[in-house]
Amino acid sequence: LFFQVIGIEILPFTPQTGILLFGFFLVVVGFLFSMLGRHSLGTNWAHALEYQIKKKQELVTRGIYRFIRHPIYSGFFLSILGLELVLGSYLSIVVLLIGIPVLNRQAGMEEKLLEEHFGKKYGAYKERTTRFIPLLW
C-alpha cells in the first residue's frame, strides 16, 4: 500500500466512478467499524497476537459489538479493500483471496479462547451476532 499511495502502480486498472465511490465508502465504513470497536472495548482491548484474557476482562456486547464480534478486523479489511479499489489495483482481488481466510482464522482462534473463558455466555453472544458484517457474515 505504501508504494501505491506514493504513486507506484501495482497491477493497475482504471476505476470507473462507481468503483471509486464504492472504494471510498468501504474505507470510511471500515474506519468507523474499527474506531467504534476499539472504543467499545476500552480497557478490555488486547493486541491480537497476545491471545490472552486480561485480568477483570468482561465480555463486551455493547456498542458495535451488539451486532458483530470482530469490528476491528472487519474495519481493517474493508478499509484495505476499499483503498485498493480507490487506487485502481487488481491487488483488491488478492486482498479478498488472502485476507478473508487469514481474518477468519484469527477470529476463530480468539473466539475459541473467549468461549473457554466465558463459556455459555459467549456461546449465547455468538448465536445472536455475526462474525464480521452485520446481518451477513
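**Close-up views of salt bridges in a predicted model**

**View 1. Glu 58 and its partner Arg 62.** In this predicted model, Glu 58 counts as partly exposed, with a relative accessibility of 41%. Glu 58 is joined by a salt bridge to Arg 62, and the closest N and O atoms of the pair are 3.1 Å apart. Arg 62 is likewise partly exposed, its relative accessible area being 41%. This pair belongs to a structure that holds five salt bridges.

**View 2. The salt bridge between Glu 111 and Arg 69.** The side chains of these two residues, Glu 111 and Arg 69, come together in a salt bridge with an N to O distance of 2.8 Å. Because Glu 111 sits in helix α4 (residues 91-118) while Arg 69 belongs to the loop between α2 (17-41) and α3 (71-86), the pair ties together parts that lie 42 residues apart in sequence. Glu 111 is buried, at 2% relative accessibility, and Arg 69 is also buried, with a relative accessible area of 11%.

**View 3. The salt bridge between Glu 115 and Lys 126.** Here the side chains of Glu 115 and Lys 126 meet in a salt bridge, at 3.5 Å from N to O. Glu 115 lies in helix α4 and Lys 126 in helix α5 (residues 120-128), so that distant parts of the chain, 11 residues apart, are linked by the pair. Glu 115 counts as partly exposed at 32% relative accessibility, and Lys 126 counts as partly exposed at 27%.

**View 4. A network of salt bridges.** Salt bridges link Arg 69, Glu 111, Glu 115, Lys 126 and Arg 131 in a network, which includes the buried residue Glu 111 and the partly exposed residue Lys 126.

How values were computed. Residues are numbered from 1 along each chain as its sequence is written. This is a predicted model: local features need pLDDT of at least 70, side-chain atom pairs count only at pLDDT 80 or more; totals for chains, interfaces and linings use all residues. Side-chain values use heavy atoms; hydrogens and water are left out. A salt bridge is a side-chain nitrogen of Lys or Arg within 4 Å of a carboxyl oxygen of Asp or Glu. Buried means under 20% relative accessible area, exposed over 50%, partly exposed in between (1.4 Å probe, protein chains only). Helices (H or I, at least four residues) and strands (E, at least two) are DSSP runs, numbered from the N terminus.
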